[in-house]
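Hi,

Here is the structure I said I'd pass on.

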Amino acid sequence: MSASQETDSKQSDAKHQIEQVITIFEQVAQGYDNPAMRFFPFCGDRIALHLQLKRGEKVLDIAAGTGAATVAAAQLTAPEGRVQAIDLAENMLDKAYVNLQRAGLSNADFHVMDALQLDFKSNYFDAVICSFGLFFLPDMLAALKEWKRVLKPGGRLIFTSFTAKAFQPLADLFRQDIIQNGVDWPEAKWQLLSTEDECRELLQQAGFTDFQFLTEQLGYHLNEAEDWWEVIMNSGFRGMINQLKPDQLESFQQQHLEHVRPLKNDKGVWMDVETLFSSARCPT
Ligand SMILES: C[S@@+](CC[C@H](N)C(=O)[O-])C[C@H]1O[C@@H](n2cnc3c(N)ncnc32)[C@H](O)[C@@H]1O
């Protein structure tokens, strides 16, 4: 393969990857704010606090989804401050807009925009946030460089990712069961950036400084195994489910939940959501 063919093939893989992610999130937007997935708003609050956002600041929330971090950032920066929230899945942003209004806030704008190609001027934002979004991007380093471009010198960045413990043992059970049903399990994007070392290296390469890493447990007990099914159907796991034939779905659900039920104790089914918060600054 010639160098230009290789570039074309990489570009078409990246395009395909983005399209797949968008299809999934357009599909799950309606059920994304499910109580079983309340770790997203928990995380949004933690992000806003860790960044120590202040009234009047200009914030960019990348891969904002239904706005968990957008709302938290809008709350802390109001009334003069403003949050620009971007995502490629329009349905997710529609929900984010409703969530902002429900919170009684109006200081955020929503844009359908690619995290790799920001339509914002350079040196503009005080802070850039990305909650559980960076690992979905086909070129994470290029994304971080682009985010650095729009940050003011000294501006703060924070992104979150899942550690290797997150969703275990539930995720491994799901993986085993779905593979048994003939579904491919490619490299799981959400398992990227699971260590400090990976995140540090990426931040270093992108030219950020003042790294800080913090691991927090955002998990909780789900009441029933069925709540885990809600997580699967309303999150990125849905991509795997979409590969089942329609007539396999019901029997897969039954089979998988049979394997999950023994994990339930008197508190419920533990869903681990160990989260790594990586933060850094744009050099001054
Ligand atoms: C796991 S969700 C996280 C949403 C939100 N930040 C939260 O914490 O609840 C990942 C989001 O990344 C978005 N996304 C994926 N690739 C993207 C891209 N290239 N540009 C912008 N958003 C993207 C998806 O549409 C989805 O809404």
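**Strands around β4**

β4 and strand β5 (residues 151-162) run parallel, joined by 6 bridges. One of the pairs to look up is Phe125, whose bridge partner in β5 is Leu151. To get from β4 to β5 the chain passes through helix α5 (residues 140-150), and this β-α-β crossover is right-handed. Bear in mind throughout that this is a predicted model.

β4 also pairs with strand β1 (residues 58-62), again in the parallel sense, over 4 bridges. There, Ile62 has Cys130 of β4 as its bridge partner.

Is β4 (residues 125-131) enclosed or open? It is largely enclosed by the rest of the structure, because 6 of its 7 residues are buried.

**The core**

Next, the nonpolar side of things. The largest nonpolar core counts 84 residues, and Ile62, Ala73, Val128 and Ile129 have the most contacts inside it. As for elements, α3 is the top contributor to this core, giving 6 residues.

**Around the ligand**

There are 25 residues around the ligand, and the ones that come nearest are Phe25, Ala63, Gly65, Ala115 and Ser131. Two or more residues of the shell come from each of α1 (3-28), α2 (39-50), α3 (68-77) and β2 (82-87). Which element gives the most to that shell? That would be α1, with 4 residues. Sorted by class, the shell has 19 nonpolar, 4 polar and 2 charged residues.

**One more residue: Asp227**

Last stop is Asp227, which sits in helix α8 (residues 225-233). Asp227 counts as partly exposed because it has 18 C-beta neighbours inside 10 Å, and buried would take 20 or more. Setting aside neighbours within four places in sequence, Asp227 is in contact with Ala36 and Leu222. Ala36 is 191 residues away from Asp227 along the chain, yet their C-alpha atoms are separated by 5.9 Å.

That's what I have for now.

Cheers

Key:
Residues are numbered from 1 along each chain as its sequence is written. This is a predicted model: local features need pLDDT of at least 70, side-chain atom pairs count only at pLDDT 80 or more; totals for chains, interfaces and linings use all residues. A residue is near a molecule or strand if its C-beta atom, placed from the backbone, lies within 6 Å of it. Ala, Val, Leu, Ile, Met, Phe, Trp, Tyr, Cys and Pro count as nonpolar, Asp, Glu, Lys and Arg as charged, and the others, Gly among them, as polar. A nonpolar core is a set of buried Ala, Val, Leu, Ile, Met, Phe, Trp, Tyr and Cys residues joined through C-beta atoms within 7 Å. A residue is buried if 20 or more other C-beta atoms lie within 10 Å of its own, exposed if 12 or fewer, and partly exposed in between; C-beta atoms are placed from the backbone. Two residues are in contact if their C-beta atoms, placed from the backbone, lie within 7 Å. Two strands pair if DSSP finds at least two bridges between them. A crossover is right-handed if, with the strands pointing away from the viewer, the path from the first strand over the helix to the second runs clockwise.
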